[in-house]
Amino acid sequence: MLNTAYATTAYWVEDRFPIRCGERSPPLDALLAVSGHDTWAYVTACNPLSIALPDAANAERMTRLEARVVASGLPYLHGQGRGADGTWPPEPSLLVIGISQQDAVALAGAFRQAAILVGSRGGAARLVDCRSAGSPIETIHLADGGLLLHAPGFLPADAADQAFHELRDQASWEQRPALFGHPQPRLTAAHGDAGLTYRYSNTLHRASPWTATLLALKAAIEGVMGRYNFCLLNRYRSGADSMGLHADDEPEMGDTIGSLSLGATRTFRIRHNATKDTRAFAVEHGSLIVMAGTMQRFWKHEIPKTSRPVGERINLTFREIRP
Ligand SMILES: O=C(O)CCC(=O)C(=O)O
């Protein structure tokens with residue numbers, strides 16, 4: 001389900017009147033009548049997938065959005081989306097007149113918006129989910145019913161940079177012991193619904209509360225597949241950090257895992273338990289892998305060490321833990 005913040009925002013057209021989700025707008029209908037168009041969409045380029053970006057990054061995005069609308073030849077007005085509770089900064093936006101819903105979703109998808117408001121003359125404003133627009137997803141059917149989705153450009157670079165820096169600097173990273181007393185070759189942290197825990201390899205991860213960025217990422221990935229209540233974060237400080245071959249097949253674990261990569265590109269390798277068939281994916285900054293179907297029963301996965309000089313990488317695996 002999309003964030004209810006969308007439904008409670010006032011979508012101002014200049015400083016003249018607001019449009020509200022689920023409501024008709026007589027001033028907007030009058031504007032459409034004068035322009036000779038029947039349809040409209042209210043689009044922003046700011047804060048892709050609800051990841052809050054700095055003002056300068058949003059201004060640069062809005063310049064690109066406006067250039068595309070100008071090129072379309074459609075009339076438009078400037079606006080500002082203003083949240084009800086003041087926790088989200090006002091978002092510069094454009095009211096585009098005469099655009100079809102399909103074109104509006106494609107435009108919003110190009111700027112990785114989670115949703116937009118659209119409508120037609122005489123009708124109520126409607127919220128349309130755009131989370132699956134704008135990022136091509138490869139669907140790979142694996143042997144024995146495993147399913148792997150790969151979306152290399154899932155999170156745009158500016159939002160991926162923002163998430164990487166925020167998580168690197170603010171998550172409660174720890175280096176846990178692995179089996180036989182050695183430290184794990186990576187740092188970990190965990191966030192999720194209150195009271196949730198996840199145990200693997202003899203270590204218990206207790207969920208810290210969700211942050212706004214993690215909730216936005218969770219909703220974005222849920223727009224592709226799955227429902228999640230827990231996120232395990234792994235931080236690979238260099239090529240010497242790694243994750244050995246394993247499956248996330250604990251009985252309490254849901255079958256669908258959404259895995260987002262931030263930072264340095266590493267290799268994500270999977271291997272079939274019986275045939276030893278192996279496949280490798282370069283997981284880049286902002287890329288998404290979803291593991292689903294029977295994959296955890298028949299395949300294992302790993303992040304091997306590398307001797308290449310690579311920078312830091314953070315991986316987030318969104319999971320469903322059944323308490
Ligand atoms: O870092 C990755 O891409 C994989 C993480 C992983 O396998 C896990 O958390 O179980």
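Q: How many residues of the shell around the ligand are nonpolar, polar and charged?
A: In this predicted model, the shell around the ligand has 5 nonpolar, 5 polar and 1 charged residues.

Q: Which residues are around the ligand?
A: They are L232, N234, M243, D248, S259, F268, V283, H301, I303, N315 and T317. Three elements, β13 (230-236), β19 (299-303) and β20 (313-319), each give two or more residues to this shell.

Q: Which residues of helix α6 are buried?
A: A residue counts as buried if 20 or more other C-beta atoms lie within 10 Å of its own. In α6 (residues 212-222), that holds for L214, A216, L217, K218, A220 and I221.

Q: What do the buried residues of α6 pack against?
A: Their partners are α5 (157-170), β10 (187-192), β13, β15 (257-263), β18 (288-293) and β20.

Q: In what order do the strands of the open sheet lie?
A: Strands of a sheet pair through backbone hydrogen bonds, parallel or antiparallel. Here 7 strands form an open sheet, ordered β2-β1-β4-β5-β3-β6-β7, with antiparallel pairing. Because β2 (17-20) and β7 (126-129) stand at the edges with a single partner strand each, one side of each has no neighbour in the sheet. From one strand to the next, the twist averages 30°.

Q: How many bridges join β3 to β5?
A: Strands β3 (residues 39-43) and β5 (residues 91-97) run antiparallel and are joined by 4 bridges.

Note on methods: Residues numbered from 1 in each chain as written. Predicted model: local features only at pLDDT ≥ 70, side-chain atom pairs only at ≥ 80, totals over all residues. Near = placed C-beta within 6 Å. Nonpolar A, V, L, I, M, F, W, Y, C, P; charged D, E, K, R; others polar. Buried ≥ 20, exposed ≤ 12 C-beta atoms within 10 Å, placed from the backbone. Contact = placed C-beta atoms within 7 Å. Pairing = 2+ DSSP bridges. Axes fitted to C-alpha atoms, helices over the stretch in contact; angles between N-to-C directions.
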